Amino acid sequence: VVLAVALIAQAFGILRAWAGLRRRLAAPVGAAPAGTTLIADDEVVVAVTRLGRGRVLVSERAVEVMDAEELAAGVAHEVAHIRRRHRPVLLSASILATIARPLVGTRIAERELCFQLERDADAYVVDRLHDPLSLASAICKVAGANAPSGATSLSGRGAVTRRLAELLDGRGIRSKRVERAARALAATLAALVVAVAVGAPALALGAGEREQPGASHECSHH
């Protein structure tokens, strides 16, 4: 009952936030950078909508304080969330985290997943713009600002210092060694799953065949 009430409350909150954001976006504010929607906000906001058609939101204040490179990097980061299908993953994670809230480690797992998705979007920007410093500067300017309800900010949910450290260490944010190890592990797990799926029926059949002679011998003995 508690879980059902929590899920209903979460769904209601998500829908209410989305409805409020849609009403806010219905009134045009002015000309926005290409591919974005300009919103009236006194804070430095670069964000992406959580539901519906993916829209990158940029506040008037962000346009004022960010230079062209920072704004381009921030917008590319939010576009990455849309193109790499991060938004449904985040939504699913929030729902599953609500269900698993009584389990130890749920908050840590959800927070780490959010960090890795932000990190993946950072990598998308670095691969295309080759300008990690501008992205790091954009994250610093957005950090601390409150994104509109129903949207996810460029600064993400915590772990900003970890992201900045990876962007500023001069080695990029992807480790080829880690990527190769991850691919090898994925291939090993896939092979193991296939082996179990194929081998289990064969083992069961072999076990059944081995049992049959003993069973017939016992019957003939009686």
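1. Before we count anything, one definition: helices (H or I, at least four residues) and strands (E, at least two) are DSSP runs, numbered from the N terminus. Counted that way, the protein has eight helices and four strands. Please keep in mind as you read on that this is a predicted model.

2. Now try walking along the chain. Starting at the N terminus, the order of elements is α-β-β-β-α-α-α-α-α-β-α-α. How much of the contact count with a separation of 6 or more comes from residues 24 or more positions apart? Such pairs supply 64% of those contacts.

3. Next, the surface. The protein has 222 residues, and 33% of them count as buried. Its accessible surface is about 13,600 Å², and carbon and sulfur atoms hold 62% of that area.

4. Let's look at a pair of helices. Two packed helices are described by the angle between their axes and by the distance between the axes. For helix α3 (residues 68-83) and helix α6 (residues 132-142), the axes come within 8 Å and cross at roughly 85°. Angles from 65 to 115 degrees count as roughly perpendicular, so α3 is roughly perpendicular to α6. On the α3 side, E69, E70, A73 and H77 make the contact; on the α6 side, the partners are S134, L135, S137, A138 and K141. What kinds of residues meet here? The contact of α3 with α6 has three nonpolar, three polar and three charged residues.

5. Stay with this region and find L154, which sits in the loop between β4 (151-153) and α7 (160-168). Is L154 buried or exposed? Its relative accessibility is 0%, and buried means under 20%, so L154 counts as buried. Setting aside neighbours within four places in sequence, L154 touches V46, A47, G74, H77, E78, E118, L135, A138, I139, V142 and R163. Three names in that list, H77, L135 and A138, also belong to the contact of α3 with α6. As for E118, it is 36 residues from L154 in sequence, while their C-alpha atoms are 8.3 Å apart in space.

6. Finally, visit T36 in strand β1 (residues 36-39). This residue has 13% relative accessibility, which is why T36 counts as buried. Beyond its neighbours within four places in sequence, T36 is in contact with V56, V58 and V75.

Notes: Residues numbered from 1 in each chain as written. Predicted model: local features only at pLDDT ≥ 70, side-chain atom pairs only at ≥ 80, totals over all residues. Heavy atoms only, no water. Buried < 20%, exposed > 50% of the residue type's maximum accessible area, 1.4 Å probe, protein only. Contact = heavy atoms within 4.5 Å. Areas by Shrake-Rupley, 256 points an atom, 1.4 Å probe, with all protein chains shown as cover. Axes fitted to C-alpha atoms, helices over the stretch in contact; angles between N-to-C directions. Parallel < 35°, antiparallel > 145°, perpendicular 65-115°, else oblique. Nonpolar A, V, L, I, M, F, W, Y, C, P; charged D, E, K, R; others polar.
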